[in-house]
Amino acid sequence: MKKILLSTVACATMMLAANSDYKYEITPTIGGVYTEGNTGTDRGYANAGLNFGFNLFDSFIDQVELGFLRSLEDVDYEDYLTDANGSKDDTGVSRVFANLVKNYELNDTFTLYSLVGAGVEIFDHE
């Protein structure tokens, strides 16, 4: 499988967004993936990783976030390229991404945010 460019717009890496006075943050992340089913991989699997956020002050963008996610266990996939029968092999899946975050303060308690980003999905066994 080739490296796949993906959008992390829907990636839920932050539970709550808030303006803060600290410059950096580290967020451990654990979650799951549910695929469309057209890639030959398992439809669902768990992943974990770390996100590093850099808060920007006096800027239109409030935060730049860099992240890394890795599948917790190897993911099964059908190998149609080397075996006509579609034998099962396994691979690890890694994701590296960058997000830009913009906060919208509603009041002192609630803040909405928008997130846009891009990344790369890397398979151990292509």
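## The nonpolar patch

Strand E3 gives the most to the nonpolar patch, with three residues. The patch covers about 570 Å² of surface and is made by Tyr24, Ile26, Leu50, Phe52, Phe54 and Leu66. Strands E2 (24-34) and E3 each supply at least two of its residues. Strands here are DSSP runs of at least two residues, numbered from the N terminus.

Patch residues have over 30% relative accessible area and no salt bridge, and their nonpolar side chains are joined within 5 Å. A salt bridge puts a side-chain nitrogen of Lys or Arg within 4 Å of a carboxyl oxygen of Asp or Glu. Areas come from the Shrake-Rupley method with a 1.4 Å probe.

## About the model

This is a predicted model: local features need pLDDT of at least 70, side-chain atom pairs count only at pLDDT 80 or more, and totals for chains, interfaces and linings use all residues. Residues are numbered from 1 along each chain, and side-chain values use heavy atoms, without hydrogens or water.

## Two residues of E3

Gly44 is found in strand E3, which spans residues 44-55. Its relative accessible area is 43%, so Gly44 is partly exposed (between buried, under 20%, and exposed, over 50%). Gly44 touches Val33 and Tyr34, leaving aside residues up to four places away in sequence; contact means heavy atoms within 4.5 Å.

Phe54 also lies in E3. Phe54 counts as partly exposed because its relative accessibility is 31%.

## A loop residue

Asp58 sits in the loop between E3 and strand E4 (63-71). Its relative accessibility is 86%, so Asp58 counts as exposed. Asp58 has a positive phi of about 60°, although it is not a glycine. Most residues other than glycine have a negative phi.

Note on methods
Helix = DSSP H or I, 4+ residues; strand = E, 2+ residues; numbered from the N terminus. Buried < 20%, exposed > 50% of the residue type's maximum accessible area, 1.4 Å probe, protein only. Patch = residues over 30% accessible without salt bridge, like charges linked within 9 Å, V, L, I, M, F, W, Y side chains within 5 Å.
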